[in-house]
Amino acid sequence: MESENTEDIATQVKPFLNSLKTPELTGELRSEYRAAALYWLSHIASSQRGKIYDLTPAEKPLLQLVSDRSLASNALITLGGIPTRTAQADLVTIVTNKTMDNDIKEIAALQLAFHIQKFGLLVDSKEVASIREAYQAATEPRLNTALASVMGTLMPDNKVVGERLQEFKPATPLP
């Protein structure tokens, strides 16, 4: 049957379209889709495509995804590519969280250092003080190194850098 106008098409096609039902997503499939989407968001964030694709709308739920170990890395990388004060504050929140696992805090610290280098320091002095406290409290070497990179992005003056270098004691004796 040939249609002359859009109303004819609608009367012919609507019953067919209404009969089609998309199967409901299972929990496992939903998790796979979430992981894939987060992978691509982190890829966009880390490959400088943020100028083409605005990641800001994805920012809000990222902080909640960090608690899932399988999603944490990509969520943090994506946060590191969003040029907002709130994204930087979310990274500070993770870095200074005393209950968060050290490996997640390490990724967050590296992303925070990257974020500060790329977009400037966007958080207030209270949050900077909490970063310093986290750095001083860090005993795990990898986390301490990641937090040291954040401290380096805060642009300390020469006197402070000299004092820190004088206090530095390597974990293993130098040959």
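Trainee: At roughly what angle do the axes of H7 and H8 cross?
Mentor: Keep in mind that this is a predicted model. H7 covers residues 125-137 and H8 covers residues 141-153. Their crossing is left-handed. The axes come within 9 Å, and the angle between them is roughly 150 degrees.

Trainee: And which residues of H8 make that contact with H7?
Mentor: On the H7 side you'll find Ile131, Arg132, Ala134 and Tyr135. By class, the contact of H7 with H8 has seven nonpolar, one polar and one charged residues. The H8 side is made by Asn144, Leu147, Ala148, Val150 and Met151.

Trainee: Staying with H8, is threonine 153 buried or exposed?
Mentor: Threonine 153 lies in helix H8 and touches Ala113, Ile116 and Gln117, if you skip residues up to four places away in sequence. The cut-off for burial is under 20% relative accessible area. Threonine 153 has 7% relative accessibility, so it counts as buried.

Trainee: Let's go to H6. How far apart are the end C-alpha atoms of H6?
Mentor: H6 runs over residues 102-119, which makes 18 residues. At 1.5 Å a residue, H6 should span 26 Å. The model agrees with that, because the end C-alpha atoms are apart by 25 Å.

Trainee: What covers the buried residues of H6?
Mentor: The buried set in H6 is Ile104, Lys105, Glu106, Ala108, Ala109, Gln111, Leu112, Ala113, His115 and Ile116. The cover over them includes H4, H5 (85-95), H7 and H8.

Trainee: What is the relative accessible area of histidine 115?
Mentor: Histidine 115 sits in helix H6. Leaving out neighbours within four places in sequence, histidine 115 is in contact with Leu79, Gly80, Ile82, Pro83, Thr84, Ala87, Gln88, Leu91, Gly120 and Leu122. Histidine 115 is buried, with a relative accessible area of 0%.

Trainee: Which residues does isoleucine 107 contact, leaving aside its neighbours within four places in sequence?
Mentor: Isoleucine 107 is in helix H6 too. Its relative accessible area is 27%, so isoleucine 107 is partly exposed. With neighbours within four places in sequence left aside, its contacts are Ser73 and Leu76.

Trainee: How far apart in space are isoleucine 107 and leucine 25?
Mentor: In sequence, isoleucine 107 and leucine 25 are 82 residues apart. Going C-alpha to C-alpha, their separation in space is 31 Å.

Trainee: What is the phi of glycine 120?
Mentor: Glycine 120 follows H6, and it is among the contacts of histidine 115. The phi of glycine 120 is positive, near 90 degrees.

Trainee: Now H5. How many of the 11 residues of H5 are buried?
Mentor: The buried ones are Ala87, Gln88, Ala89, Asp90, Leu91, Val92, Ile94 and Val95. What covers them includes H3 (59-65), H4, H6, H7 and H8. H5 is largely enclosed by the rest of the structure, because its buried count is eight.

Trainee: How far apart are the axes of H5 and H6?
Mentor: H5 passes H6 in a left-handed crossing. Ala87, Gln88, Leu91, Val92, Ile94 and Val95 in H5 meet Ile104, Lys105, Ala108, Ala109, Gln111, Leu112, His115 and Ile116 in H6. By class, those contact residues divide into 10 nonpolar, three polar and one charged. The packing angle is about 150 degrees, and the axes are apart by 8 Å.

Trainee: What about H2 and H4: at what angle do they pack?
Mentor: H2 takes in residues 27-46 and H4 takes in residues 69-80, with axes 8 Å apart. Their crossing is left-handed. The packing angle of H2 and H4 is about 35 degrees.

Trainee: And which H4 residues meet H2?
Mentor: From H2 come Arg34, Ala35, Leu38, Tyr39, Leu41, Ser42, Ala45 and Ser46. The contact of H2 with H4 has eight nonpolar, four polar and one charged residues. The H4 partners are Leu71, Asn74, Ala75, Ile77 and Thr78.

Methods: Residues are numbered from 1 along each chain as its sequence is written. This is a predicted model: local features need pLDDT of at least 70, side-chain atom pairs count only at pLDDT 80 or more; totals for chains, interfaces and linings use all residues. Side-chain values use heavy atoms; hydrogens and water are left out. Axes are lines fitted to C-alpha atoms, for helices over the stretch in contact, and angles run from 0 to 180 degrees between N-to-C directions. Helices (H or I, at least four residues) and strands (E, at least two) are DSSP runs, numbered from the N terminus. A crossing is left-handed if the near helix is turned anticlockwise from the far one by less than a right angle, and right-handed if clockwise. Contact means heavy atoms within 4.5 Å. Ala, Val, Leu, Ile, Met, Phe, Trp, Tyr, Cys and Pro count as nonpolar, Asp, Glu, Lys and Arg as charged, and the others, Gly among them, as polar. The expected span of a helix is 1.5 Å times one less than its number of residues. Buried means under 20% relative accessible area, exposed over 50%, partly exposed in between (1.4 Å probe, protein chains only).
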